[in-house]
Amino acid sequence: MSELENKDTGSLESAMRRYDIPLFMDKRQPVDTLPLFVLVLSAMEAARNYATEPLLRYLKTGLTPLEDTEISLLEDYLFIWNITGEAWCQDFTQHPDGYVDPDKKEQSEEDVQRVQKRLDILNALRRKVIEPIRRLHEAVFAQKAEEIGEAVWRLLTDLDAAASLRAYADKLERAGEPEWADLQRQSWDILMELLDQAMYTLGDRPVGYRRFLEFFRLMVSLRDAGGIPQKLDQAAAGGADRMRPGRPRAVFVLGLNQGVFPAAPGSGGVFHPAERTQLIDIGLPVTDNWLADSIEENYLFLFTHMR
């Protein structure tokens, strides 16, 4: 157990691997880095003006219908012709290899057909990418949070994102990454929860698409997720504020330094702790966070040593 957050995790994990000791590391993962949230936030950003950068982020989550080779093929064409904005909504007609010297253009019918076939493939991929985004684009003109939230749900339904996410989690499980697989499964429930909270909080007020996106992105940035131990016979490491081991054989506490663990309460804010106490004494409604933080730190210190 430790109060040093993630400062010691690298050396600890390395040591455990060296001695072949199974380890569960209780680390919190920001959800905005998980593929499902990258998919949703990138799609919402791309729906505003069909910008290519968020569209590529959306494609590379692995939760869209395109395969990696198809994404690479499409990305090459986008780079060659600098495709962005409304150009996504029009058929690609430029040569897939870029600018071709008029004197060296294909003259045979066979060459022309070969180029057209490549363009047909690229346009099929373009439609597969842009159609769900175009349907989401309709919500850009919506004012109520409920309408925007429903549009996001339709996007997830169009993509069959739930099934893709389950397949991705199963793939991680088979690859020996159960903690990451569990995070992917958690991400769906967290996304639904955050969408519900956003729609409930904003209610029927006319917020508009841009403000809804900013609000939702802020909600996502403040949320994290963590895994649960996958085995009984393994060591567990984590923060003293989250770990609750039941009858452990041994507990090692890291970071027992004065002012580190238990941590010295910070004096953040406008008022110094002494000034805050004076304000409370004269009856002003000021929260004494310093005292509460000090009590909590001492409780964690005692709880850890009573294990």
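Tutor: Glu45, Glu53, Arg57 and Arg217 are linked in a network of salt bridges. A salt bridge here is a side-chain nitrogen of Lys or Arg within 4 Å of a carboxyl oxygen of Asp or Glu. By that rule, the count comes to 15 salt bridges.

A word on the basis. This is a predicted model, in which local features need pLDDT of at least 70 and side-chain atom pairs count only at pLDDT 80 or more, while totals for chains, interfaces and linings use all residues. Residues are numbered from 1 along each chain as its sequence is written, and side-chain values use heavy atoms, with hydrogens and water left out.

Arg57 and Glu53 meet through their side chains in a salt bridge, at 3.6 Å from N to O. Both sit in helix 3, 4 residues apart, so about one helical turn separates them. Helices are DSSP runs of H or I with at least four residues, strands are runs of E with at least two, and both are numbered from the N terminus. Arg57 is partly exposed, with a relative accessible area of 34%. Glu53 is exposed, at 59%. The cut-offs are under 20% relative accessible area for buried, over 50% for exposed, and partly exposed in between (1.4 Å probe, protein chains only).

Next, the bridge between Glu75 and Lys60. Their closest N and O atoms are 3.2 Å apart. Glu75 is partly exposed, with a relative accessible area of 26%. Lys60 is exposed, at 51%.

Arg185 and Asp170 form another salt bridge, with N to O at 3.2 Å. Here too distant parts of the chain are linked, with Arg185 in helix 8 and Asp170 in helix 7, 15 residues apart. Arg185 counts as partly exposed at 36% relative accessibility. Asp170 is partly exposed, with a relative accessible area of 36%.

Now back to Arg217, a member of the network. It touches Leu41, whose contacts beyond four places in sequence are Leu213, Phe216, Arg217 and Val220. Contact means heavy atoms within 4.5 Å. Leu41 lies in helix 2. Leu41 is buried, with a relative accessible area of 11%. Leu41 and Phe216 are 175 residues apart along the chain, yet their C-alpha atoms are separated by 8.7 Å.

The largest nonpolar core has 61 residues, and Met44, Tyr58 and Phe216 have the most contacts inside it. Such a core is a set of buried Ala, Val, Leu, Ile, Met, Phe, Trp, Tyr and Cys residues joined through side-chain atoms within 4.5 Å. Among the elements that give two or more residues to this core are helix 2 (35-49), helix 3 (52-59), helix 5 (109-137) and helix 9 (208-221).

Look at Tyr58 itself. Leaving aside neighbours within four places in sequence, its contacts include Leu39, Ala43, Thr64, Val129, Ile133 and Leu159.

His137 counts as buried at 17% relative accessibility. Beyond four places in sequence, His137 is in contact with Ala47, Arg48 and Tyr50.
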